[in-house]
Amino acid sequence: MKKKAVYIFADSLKEMKTIIPAFFIATLIGATLEFYLPEEITFAVLGKTPFLSIPLATIIGIILPIPRYATYPIAFSLFQKGAGIGAIFALISGEVILGAPDRDILEFKYFGWKAFVLRLILCTALVTAGGFVAEVLL
Amino acid sequence: MIIEILYLTLERFLGFLPILMVAIVVGKVFRLYISEDKIGILLKGERRSIMGASLLGLVTPGPLASYLPLLKVLQISGLPLSVVATFITSQTLVGPLRAFLEVNMFGLTFFIFRVAASFIIAISIGTCFHFLDKFVKPKIPLSGRRAHRK
């Protein structure tokens with residue numbers, strides 16, 4: 001039991017060393033966006049028209065080159081600024097479609113380019129659809 | 001302005017930090033008890049079940065990269081690619097760690113919706129892979145086929 005606790009503690013510290021700095025930088029970016037990004041623009045692009053905002057948020061999530069969990073402070077700031085909940089869903093879910101090089105390369109290598117591309121296309125389409133459902137239901 | 005930005009950053013960061021730390025520790029606890037071997041055993045049992053693979057993926061902590069070699073071995077041994085694709089999708093979309101951050105920032109309703117949506121998305125992708133299996137299935141290398149026959 002003690003060994004497990006020590007292992008968990010040590011491994012958690014190791015992960016915190018990577019995640020916490022990235023999370024801080026993402027929070028800084030989010031705070032900067034809150035100050036400099038006008039509410040009207042955020043609302044117009046990510047809140048007013050779901051047919052524009054949700055696909056856009058999915059694509060932004062996919063191409064955003066930031067570590068996992070670092071999307072959350074940015075998404076939170078955009079949400080505070082008027083982004084729709086559907087766009088936030090699309091942004092957070094889109095972020096995991098691509099972006100972890102170790103995972104993507106292994107998936108490509110082990111299962112082939114066809115499976116990789118098919119999963120990428122289906123994920124993008126279904127996450128976008130999920131964003132629309134979130135906008136209606138939430 | 002810069003001081004205000006830094007103040008807001010610190011305020012938010014210190015507000016989120018305890019949640020993030022708890023999320024990381026809980027993730028490690030999950031990882032300790034949900035090892036790759038256990039996932040392999042459970043997935044073998046779910047040979048034909050996309051639904052089971054989707055549920056399993058939802059509760060499996062990351063990173064996914066550590067499970068991929070195992071998934072490849074299982075796939076060569078006969079696990080359908082649809083089950084693999086389902087597990088990969090649900091595992092990446094949701095994870096135990098995200099629960100803490102999402103509930104804290106966007107509320108429990110949002111998190112529950114995202115879990116439900118991820119479950120459905122993963123099953124949908126698995127179903128598509130099931131029907132398109134012939135076109136997307138990777139060719140098993142000769143060495144893999146020989147090992148499988150043994």
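**Exercise 1. Helices α1 and α6 of chain B**

In which handedness of crossing does α1(B) pass α6(B)? Describe how the two helices pack in this predicted model.

Solution. 
- Step 1. Two packed helices are described by the angle between their axes and the distance between the axes.
- Step 2. For α1(B) and α6(B) the angle is about 155°, and the axes are 7 Å apart.
- Step 3. Angles over 145 degrees count as roughly antiparallel, and α1(B) and α6(B) are therefore roughly antiparallel to each other.
- Step 4. The crossing of α1(B) past α6(B) is right-handed.
- Step 5. On the α1(B) side the meeting residues are B:I19, B:L20, B:V22, B:A23, B:I24, B:V26, B:G27 and B:F30, and on the α6(B) side they are B:P96, B:L97, B:F100, B:L101 and B:N104.
- Step 6. Sorted by class, this contact holds 11 nonpolar and 2 polar residues, with no charged ones.

**Exercise 2. Helices α5 and α7 of chain B**

Work out the relative direction of α5(B) and α7(B) from the angle at which their axes cross, then list the residues in contact.

Solution. 
- Step 1. The two axes come within 8 Å, crossing at roughly 155°.
- Step 2. This angle makes α5(B) roughly antiparallel to α7(B).
- Step 3. α5(B) passes α7(B) in a crossing that is right-handed.
- Step 4. From α5(B), the contact uses B:L81, B:S82, B:V83, B:A85, B:T86, B:T89, B:S90 and B:L93. From α7(B), it uses B:S118, B:F119, B:I121, B:A122, B:I123, B:I125, B:G126, B:F129 and B:H130.
- Step 5. By class, the residues here are 10 nonpolar and 7 polar, with no charged residue.

**Exercise 3. Chain A and its helix α5**

Describe the make-up of chain A, then explain why α5(A) is called largely enclosed.

Solution. 
- Step 1. Chain A has 6 helices and 0 strands.
- Step 2. The C-alpha atoms of chain A fill a box of roughly 55 × 40 × 25 Å along the principal axes.
- Step 3. Of the 138 residues in chain A, 43% are buried.
- Step 4. Helix α5 of chain A, residues 85–95, has 11 of its 11 residues buried, so it is largely enclosed by the rest of the structure.
- Step 5. Those buried residues include A:I85, A:A87, A:I88, A:F89 and A:E95.
- Step 6. Apart from neighbours within four places in sequence, A:A87 is in contact with A:L46, A:G47, A:S53, A:I54, A:A57 and A:G131.

**Exercise 4. The core and the contact between chains**

Which residues touch the most other members of the largest nonpolar core, and how many residues does each chain bring to the contact between the chains?

Solution. 
- Step 1. The largest nonpolar core has 70 residues, and those touching the most other members are A:A75, A:A87, A:I88, B:L43, B:V84, B:F87 and B:I125.
- Step 2. The helix giving the most to this core is α6 of chain A (residues 101–137), with 9 residues.
- Step 3. The contact between the chains takes 45 residues from chain A and 43 residues from chain B.
- Step 4. On the chain B side, the elements that each supply at least two residues include α1, α4 and α5.
- Step 5. α1(B) gives the most to this side, with 14 residues.
- Step 6. By class, the side of chain B that touches chain A has 33 nonpolar, 5 polar and 5 charged residues.

Terms used:
Residues are numbered from 1 along each chain as its sequence is written. Chains are lettered from A and ligands numbered from 1 in the order in which they are written. This is a predicted model: local features need pLDDT of at least 70, side-chain atom pairs count only at pLDDT 80 or more; totals for chains, interfaces and linings use all residues. Two residues are in contact if their C-beta atoms, placed from the backbone, lie within 7 Å. Helices (H or I, at least four residues) and strands (E, at least two) are DSSP runs, numbered from the N terminus. Ala, Val, Leu, Ile, Met, Phe, Trp, Tyr, Cys and Pro count as nonpolar, Asp, Glu, Lys and Arg as charged, and the others, Gly among them, as polar. A residue is buried if 20 or more other C-beta atoms lie within 10 Å of its own, exposed if 12 or fewer, and partly exposed in between; C-beta atoms are placed from the backbone. Axes are lines fitted to C-alpha atoms, for helices over the stretch in contact, and angles run from 0 to 180 degrees between N-to-C directions. Angles under 35 degrees count as roughly parallel, over 145 as roughly antiparallel, 65 to 115 as roughly perpendicular and the rest as oblique. A crossing is left-handed if the near helix is turned anticlockwise from the far one by less than a right angle, and right-handed if clockwise. A nonpolar core is a set of buried Ala, Val, Leu, Ile, Met, Phe, Trp, Tyr and Cys residues joined through C-beta atoms within 7 Å.
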